[in-house]
Every structure is written in C-alpha cells, then in structure tokens.
Amino acid sequence: MSSASEGRFLSSSVPLLTRPPRFATLLTDDGVPVEAVYEPCTTGAGTPGDAAGEGPAATPAIVVAHGFTGSADRPAVRRAARVFARRAAVVTFSFRGHGRSDGRSTVGDREVLDLAAAVAWARELGHSRVVTVGFSMGGSVVLRHGALYAAGPAETLTGRTTVRVPAREGRTGSAGAHSDAVVSVSAPARWYYRGTAPMRRLHWVVTRPSGRLVGRYGLRTRIATEDWDPVPLSPVAAVPLIAPAPLLLVHGDRDPYFPLDHPRMLAEAAGPDGAELWLERGMGHAENAADDALLARIADWATAAPRA
C-alpha cells in the first residue's frame, strides 16, 4: 500500500476510491502516526472537495476520543459515530498504543497530541466549527486539550518539559487544533484514583509488567512503561481553563469506575455557568453505556452550543 502526503498528514491512496468514509494516518506533533477516519454528515453537506455539495464549512465536525483499550473500530465507537453523523461530520481515531495507531499509551498524558492532530485534520478538511467528545480516558483528554488549546495560559508539551504559553499559539504545527466546545463523558476528576475495584484493576494493568502483558495481548493496548514526568495537568485543574469554550459534563449514576463526586468536582471547578452537568440515571461507564438517545442529545448539544 502506498502513501501520499496531505500537508502534515500521511494518507493511504487506497481509501480515495471508496469515499466516504476517508481514512488517514495523522502525524502528531511528537511524530506518532495515528489512524483516523472521517465520515461526512449523513443528512446534509457534501464531502470535502465536492463542489456539488454544500461543503463542510457550514457543517460542524465532532471529533470522538475513545476510552482506554478502545479504538476507532470498536463497536461502541462506531455506534457513536453513526448517531453523531446524523447531525455533524465525524472524525474518529485511535489513541497511540490502541488499534492500528503507533506508539504506546501514556493513559491520558501525551494523548492530547493525538486529539490535537485529529481536530486540526477536521479543520483542514474545511470544517470551521469542531467539537470534541471524549469518553472516560478520552473524557479526561478532551478536558486537558480544551485547556491547553484555549485562549489563556496553560501548560503545553515540549519534549518532556512543562512550560507556560498562550495555548492558542500552541506548538509548532498546532494551528487550528483548538476545539469550539467540549463534551466529557464519564471522566475522572483527579489522577491516581483507586477508590473502586475496576480502577484498582486498571492500575494493575498499567503499572505492573504482567498487567501490561494482559493489556497488550488481552486488551489490544500497548502501554508505556515510563512514569509520568511531569505529572500532566489534572482534569479538575484543566476545567477552569476551558472557558470561553462551552463545556458539557455527562456522567452515569451507576458508573462502576468513577462515583458521582468526580463529575460534581469538575462542575464545581468550572465555576458558575462554566459547565453544564448531566447526571444520567441508570447509566454505567463511557461509550459502552451511552445509548443512542443519550448520544443524540449529546450531538444536539454539540451542534447547538455557541462558538467559543
């Protein structure tokens, strides 16, 4: 299979014969190839480059950030993409160490660069409005991404050093990587949480050599062995930096990973009118627990939220 350059993106020539959808390999700012899929809205605007269609500029795009051990081709992610595509164009991708993406998972640290590449790709395809929707680990990533690329000082990544810069100026090659609105579903409020049995099991998978073997061969997730250095901005610390972008927090009251003090802590950190909080009765955790009705409501909010 050959590959051809699309700006800063490396894209397979084969899928060009079968659009839509469009498949691509995105190159992150730290050089990790990440698989991504673009699907145009199924109820309106044409595909990028289609002169006969309305074109993508008038259509919002939703970029979906999956949870830990997920990928762009997992059934729950594909189902979310189908529901979202009724109201917007959709970009799905696999975080580093997941699916067919290269690299190793850093469990929410450098994954912000993967999301930034996906958002920038959506804008390069012509969408002027891009909303990020993240689930679980992806929920924490969209919060941190919203802070890093918001109009205000925040941390950014240069090698392994944390510096303070106006994040919309961002890193080299990051132009257009900000989101216009943020939706975080089933996200933790703080790092290193071990208060539930599922989170204790997850920490074993991430921190122990035997656990990482289970992650690689049982969960199809390749996990980095290095500790965080420095510890990334926590979700609860990121939330106040997202404004003026609209923020929606969604959490189930039967989430087995993160109890309700997590979304409430995030909402409180956002300040008055800084976030909308939906506590969903009977819902479990992340994309697997989000039914079509909830996904449709999220898409309605994402496409109606005012621009930052």
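Visitor: Let me start with a detail: which helix does Ala286 lie in?
Guide: Ala286 lies in helix α8, residues 286-289, where helices (H or I, at least four residues) and strands (E, at least two) are DSSP runs numbered from the N terminus. This is a predicted model, in which local features need pLDDT of at least 70 and side-chain atom pairs count only at pLDDT 80 or more, while totals for chains, interfaces and linings use all residues. Residues are numbered from 1 along each chain as its sequence is written, and side-chain values use heavy atoms, with hydrogens and water left out.
Visitor: And what is phi of Ala286 near?
Guide: Phi of Ala286 is near 65 degrees, which is a positive value in a residue other than glycine.
Visitor: Is Ala286 buried or exposed?
Guide: Ala286 counts as buried because its relative accessibility is 5%; buried means under 20% relative accessible area, exposed over 50%, and partly exposed in between, with a 1.4 Å probe and protein chains only.
Visitor: What about Ser136, where is that found?
Guide: Ser136 is found in the loop between β7 (130-135) and α3, and although Ser136 is not a glycine, it has a positive phi of about 55 degrees. With 11% relative accessibility, Ser136 counts as buried.
Visitor: Since α3 came up, at what angle do α2 and α3 pack?
Guide: Helix α2 (residues 111-124) and helix α3 (residues 137-148) pack at about 70 degrees, with their axes 9 Å apart; axes are lines fitted to C-alpha atoms, for helices over the stretch in contact, and angles run from 0 to 180 degrees between N-to-C directions. The two helices α2 and α3 are therefore roughly perpendicular to each other, a label for angles of 65 to 115 degrees, whereas under 35 counts as roughly parallel, over 145 as roughly antiparallel and the rest as oblique.
Visitor: Which residues meet there?
Guide: Among them are Leu115 and Val119 in α2, and Val141 and Leu148 in α3, where contact means heavy atoms within 4.5 Å.
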